[in-house]
Amino acid sequence: MEQQIVVVGAGYTGLAAAKLAARWTGARVTLVNAVDRFVERVRLHQLATGQQLRDLPLADLLKGTGVELVVDRVTGIDAEARTLRLANSAREVRYDRLIYAVGSTADTTSVPGVAEHAFTVATNDDAVRLHRRLATAEVVAVVGGGLTGIEAAAELAEANPALKVRLVTGGGLGPGLSERGTNHLRRTFARLGVELREDAAVSEVRPDGLVLADDSHVAADTVVWATGFRVPDLAERAGFEVDDNGRVVVDGEFRSVSHPEVTAIGDAAAGRMSTGQELRMACATGLPSTQHAVRAIADRLAGREPRPLRFRYLNQCISLGRKDALVQFVRADDTPKESVLTGRKAALYKEAIVRGTVLFERHPVIPTSL
């Protein structure tokens, strides 16, 4: 009997998984996604400043692959019956193997006032809402000193020179960067006029800005929340074993440890390297691990023993507007080297990487080392 593989989610990992499964297995492959477009999530800070992004219909990206596209939102998974429930259809989608690639969203619930008063750049609609708000904004506070916050603050400041941009982080700037990398960020923010507030934990978001843990106030008419992510609760409600963050606990093949017919990839999977080190949320981990996971499915269906995951980190790429960037080179375990690439060359490098993610979605085969 022909196997039915269903992929939930058409982000970077889900779309690639569907195409690879169609190429490498003899199964029927169905891709279920809430919208009919591929969203370049790593560019949403650009969309927030009014830049036009490429229109990427999923139907075009799937043309000629044999993958069936179902545009609908999954509301539940029946693990026993191996079926998905959809929001806008009475149809139940049956699977023999499920690839769970639902991604992550901004965490707007952990701090009071975020959901009511802050903007995010986690989805296309979020970025559009922020862009509309910026038309009347004077002071923006970006919360989060990680890659999302850094990229958003730099992009906003470069695109809107009259806008006062403040970056507020509960720890230090750019954790995981070398001294040279951090120094470049500081020089860039100084050049762009971004005010930096470190070691400043936010306890509440209000319409007029931020309240910090020490009860001080950071004034802003617009707050961009760029710290913390959460995953949908579909897996937890289905009874899959999940970690404290709701991500599916997986083995070395990215199979659910409680439901081996389910493969979880991307941000919604708690994947680990062979050393036991947890994989961070990033395209740099999601895309190679997706290739490994789907290859393991193909091997299992063909009666072969899958090969172990071979993975190492190479760099972190951070855009700093359109003319500058930071490429932080790292060791295999993601700890930073002192070597960095900055300036225009780094911006071109970063742009090539981002464009390459879409190329991957068109032709999804890359090495499993990034």
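Predicted model: local features only at pLDDT ≥ 70, side-chain atom pairs only at ≥ 80, totals over all residues.
In what order do the three strands of the open sheet stand, and is the pairing parallel or antiparallel?

**Close-up 1. The open sheet of β13, β14 and β15.** The three strands follow the order β13-β14-β15, and their pairing is antiparallel.

**Close-up 2. The pairing of β13 with β14.** Four bridges join β13 to strand β14 (residues 209-212) in the antiparallel sense. Across this pairing, Val202 stands opposite Leu212 in β14.

**Close-up 3. The crossing of helices α6 and α7.** Helix α6 (residues 147-159) and helix α7 (residues 179-192) have axes that come within 10 Å and cross at roughly 30 degrees. Angles under 35 degrees count as roughly parallel, and α6 is therefore roughly parallel to α7. The crossing in which α6 passes α7 is left-handed.

**Close-up 4. Residues in the contact of α6 with α7.** From α6, the contact is made by Ile150, Ala153, Ala154, Ala157 and Glu158. The residues contributed by α7 are Leu185, Phe189 and Leu192. By class, the residues of this contact comprise seven nonpolar and one charged, with no polar residue.

Methods: Residues numbered from 1 in each chain as written. Heavy atoms only, no water. Axes fitted to C-alpha atoms, helices over the stretch in contact; angles between N-to-C directions. Helix = DSSP H or I, 4+ residues; strand = E, 2+ residues; numbered from the N terminus. Parallel < 35°, antiparallel > 145°, perpendicular 65-115°, else oblique. Left-handed = near helix turned anticlockwise from the far one by under 90°. Contact = heavy atoms within 4.5 Å. Nonpolar A, V, L, I, M, F, W, Y, C, P; charged D, E, K, R; others polar. Pairing = 2+ DSSP bridges.
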